[in-house]
Amino acid sequence: MHIVVCIKQVPDSTHIRVHPVTNTIMRQGVPAIINPYDLFALEEALRLKDKHGGRVTVISMGPPQAAPALRKALSFGCNDAVLITDKIFSGADTLATSYVLASAIKMLNAETPVDIVFTGKQTIDGDTAQVGPGIAKRLELELLTYVSRINAVDRANGQITVERRAEGGVQVLQTRLPALITMLEGSNELRFATTPNMFRAARAEIRHWDRTSAGIEDLKLVGLKGSPTIVSRVFGPTPRAEKAVQIDFDPSNPEAACEALLAKVLAESPRVKKELAQRLPGYQED
Amino acid sequence: MSEKFDVIIVGAGPAGNSAAYTLAKAGLRVLQLERGEYPGSKNVQGAILYASSLERIIPDFRETAPLERHIIEQRLWMMDEKSFIGTHYRSDDFNSEPYNRYTIIRARFDKWFSEQVQAAGALVICEMTVRALLRNEQGRVIGVEVEREDGKIYADAVILADGVNSLVATQAGLRKDIQAGNVALAVKEMIFLPKETIESRFNLAGQSGVVIEMLGSITEGMVGTGFLYTNKDSLAIGVGGMLSDMKAQKTTPVELLERMKAHPSISPLIAGGETREYAAHLIPEGGYKALPQIYGDGWLLVGDSAGFVNSVHREGSNLAMETGRLAAETLIELLQAGTEPSTANLAGYKARLDESFVMKDMKKYQKIPETLHKRRQFINDYPPLLNGAAHKFFTVDGQDKRSKEKEIIASFVKRRSLFGLLGDAYHLWRATR
Amino acid sequence: MSEVKTTKPIKKRKIKLDENLLAYRGVWVYIESERGHVHPVSWELMGQGRQLADQLGVELCAVLMDAAGPALDAHCNSAFHFGADRCYRIASPVLSDYRNVPFTKALTDLVNAHKPEILLLGATTLGRDLAGSVATTLRTGLTADCTELAIDPEDRCLLSTRPTFGGSLLCTIVTLNYRPQMATVRHRVMPMPEPQPERTGLIVDFDPGLIETDIVTKILEFIPDEMRDKPHLPYAEIIVSGGKGLGKADNFKLVWDLAHVLGAEVGASRAAIHAGWIGADRQVGQTGKTVRPALYIAAGISGAIQHRVGMEGADCIIALNNDPNAPIFDFAHYAIVGDCNQILPALTRSFGTYLSKPETKVVMETAKELA
């Protein structure tokens, strides 16, 4: 079995330390991490490998600094890692990204046929959840998103059965391999890397593929050029025109502040008053 | 793990990196294990890089190492609530290459240093925590065990460079637990300002820099120091006090730093800056008398894990690099000759240290920790006395100079008594011999 | 990696469309229906879509795909009530339950046939699955989880705003020389519009020629969720939320106490959930739930954008925080600076007294008489 896992290295926005006094964000020296959602995909891929044998190749499109993320993925037990990196790929939105990854997966497929492609549900820095479906469409893989469990893989018949999270319940789907699966967060727990795997990862050669090795056919479809969307503005939120009404708080007399607040809210917010009225004992609707 | 290395180094801070680099360059099979996610992730320093120590390891480091500013001015401030009296030394000689000291940012520097270590041929693995030392039946250390499945890794010798807490050395019984009276708890912030602002506030041009070391009211009666260093586009500011004092006074280091930043001589220097990093760490302060056994059967201690810090001159990273290098050189000599690294044979490590400035400086100042701790007048009385004297001296108010002099002397005598003053002079002289 | 904060616009691009793309007109909203129900996010999008269509002077069209039957027809009528001028109806037994391949084919064929300039979908599991596939098939731009949609008056382009940089800033994204412009929006980000039952419109049937035997994926079964004691945050009218500023897990009890007295739902910031103080299903924010209550009380929450976008639609926001510089005070209606662990119990007492004061009931009845 040959499984490909796509990961992304992202800035670590969750492990940012906060200054204990000013509550500002401390960002110096905070490393980039593997997109946390991808780890569920990685673990699922490794579990399938444990069960059915075969290899797991982990790939990522990114700058040269993204290599450590792939090395970390190797340390959990993946067999091979490929960093798809080329200056021309930068500035890519999800359409351009799925094009590059799909091309690379095609090349990998030529080396060893790929049975399953895993991606994470979404990234913590982009949140769009589009790359997985994009790759599936380009490679004509059956798409299974928000998978919470892989029930069975029937290699003889090339079939896979999964549970997929839907609104109000779970769909049990069966489809044909090869397929692309995006894993739901919380669907598994990442294993602890073993010492031999840590050593292997530390010594491994990470393949670096540029546009040629990745098999890019149309350069107009990559990077900034291949991105239909563009960020036109980045901004902080506009503070509300009206400043918040300050209620002075005296710790020795907390009731005073609360009474003042309550009085103001009831006077100035009819919807709140109405809601609270519905919670009064003996309230009867008209 | 069936693999065996010549040397395993625990820790990827300056001591560990210096040892690993030196050993790898000599062709030995080196494994370096770091507990943190990346080399330097657990390290915190002001930070000042002492070129002479690094030169002895990587002579051409200046070509590629990320350096902030080279230091041309050193200021020593003795602070009171609203004032300071101090000395400055600035020299244009410090402004010609090769520069003697630099400010650095540890996150970037450690990353560079580790790259050199790996390029030299050492295998560096992060997120590997050493749980214990492995010993053979005779008690010789023959490797380490990590906190992962299949975690026994073997080597001829182990260098422990695992920092002030040195969990491994402590667990292995090679040294005692940290004593609150032997370490300081220090905190620092990095405050970002435009390069031009830093240059105009500190009278600098190009990449030159200033270092300010501070004593006195900023540590609020505790034994400790503060500092302010200039980086390219940031200032590193910090303060620390003996852990035992902090516990007794129930001060938090954060509060201490906030008040220090508000000092009228300090706040204008950092005004308008954006704080973008906050970190805290322990610093060994016990000096020579607190040194444990630094070598044994198959093992050596280097850097902070042994407590190699010169608390008077605030030097630690150069001692770390020096001890790391000398430990490596000791092992290179033994292992290349096929001699086993027994306790007796490793005595060469201590001999090398005794020859170097490391032990000489540690010995010279061995009485300081005790002196400062027992005789609080140096922290509590002299800064205000000296500041008061300077204030009187420099205020022109119609009082004649002779009576000013008399008042100054009287203030000293009143506070310390004649006997006390003589005693202080004597104790200070003795402590620095 | 250091943070880049800028409030300068990146570059004002003049979007020049190819000849063939100028033919793309109209605002479409994909109406998500499963097992007989329409997901409310679709109606919320209709409300927003109506505004966009009016600004552009074009039609608002609803797209409905399901098995033929009375449910599908009823949904079409509802779509008109919510402002659709036209309803594209695709009825096929192949579409009775969601599967990626037939739904993608049907929607892309419809888009290619009738060419909308804007296509909106709800950011649900179905919506995201479908949108990603459709956007890639159409080779067009897609912006996900938008918090705001607007039309640029100069070039008629869709401006999609969403959080970025891990939720600390906002960004506006435009689609260049590609059509349709696609966007997904999460449930409760847009307000639910008022339906107008007298509205009607044109139904246009479309047949993408789906054949069941062509579809490789089979649905073996559907397992509905148990109706456990789940929080009902999205529709709660009063919410009390707690954040990391509370200090420790035990203090979260104070949030529960106040919520209990108020008959409110309990929410939490991402930080509190990561600290393990409360379950992830109570997260309010960009990656949690979006809420639009009458009253939102935030205790010990700093108010970073990723939380803000989940609750700033609340009518009345009361912020309690020790830090006078907390960003939440920039958009709250009422602010109390102080120790939450002291304020919360006091509020609980005050609200408790108010809500069981018999005199208040009398006042209410008097008011009714006077009205």
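This is a predicted model: local features need pLDDT of at least 70, side-chain atom pairs count only at pLDDT 80 or more; totals for chains, interfaces and linings use all residues.
Two strands count as paired when DSSP finds at least two bridges between them.

Inside chain C, β8(C) meets strand β9, residues 158-164, through 4 bridges. These two strands run antiparallel. One residue pair can be named here: C:I151 has C:L158 in β9(C) as its bridge partner.

**A second pairing between A and C**

Chains A and C are also joined by a parallel pairing. Strand β15 of chain A, residues 245-246, pairs with strand β18 of chain C, residues 334-337. There are 2 bridges between β15 of chain A and β18 of chain C. A:Q246 has C:A335 in β18(C) as its bridge partner.

| Strand pair | Sense | Bridges | Named bridge partners |
|---|---|---|---|
| β8(C) and β9(C) | antiparallel | 4 bridges | C:I151 and C:L158 |
| β15 of chain A and β18 of chain C | parallel | 2 bridges | A:Q246 and C:A335 |

**Contacts between chains**

There are 2 pairs of chains in contact, and chains A and C share the most contacts. This contact takes 90 residues from chain C and 77 residues from chain A. On the side of chain C that touches chain A, 44 residues are nonpolar, 28 are polar and 18 are charged. Chain B and chain C have no contact with each other. Their closest C-alpha atoms lie 9 Å apart.

**Chain C as a whole**

Chain C has 9 helices and 18 strands. Its radius of gyration is 23 Å, close to the 21 Å that the globule rule gives for 371 residues, so chain C is as compact as a globular protein of that length. Along the principal axes, its C-alpha atoms fill a box of roughly 65 × 50 × 50 Å. Of the 371 residues in chain C, 53% are buried. Among contacts in chain C between residues at least 6 apart in sequence, 69% join residues at least 24 apart.

**Domains of chain B**

Chain B is assigned domain 1 (4-67 + 104-176 + 292-355), domain 2 (69-101 + 177-288) and domain 3 (369-431). The C-alpha centres of domain 1 and domain 3 of chain B lie 45 Å apart.

Key:
Residues are numbered from 1 along each chain as its sequence is written. Chains are lettered from A and ligands numbered from 1 in the order in which they are written. The radius of gyration is taken over C-alpha atoms; the globule rule is 2.2 Å times the number of residues to the power 0.38. A residue is buried if 20 or more other C-beta atoms lie within 10 Å of its own, exposed if 12 or fewer, and partly exposed in between; C-beta atoms are placed from the backbone. Two residues are in contact if their C-beta atoms, placed from the backbone, lie within 7 Å. Domain bounds come from an automatic or database domain assignment. Ala, Val, Leu, Ile, Met, Phe, Trp, Tyr, Cys and Pro count as nonpolar, Asp, Glu, Lys and Arg as charged, and the others, Gly among them, as polar.
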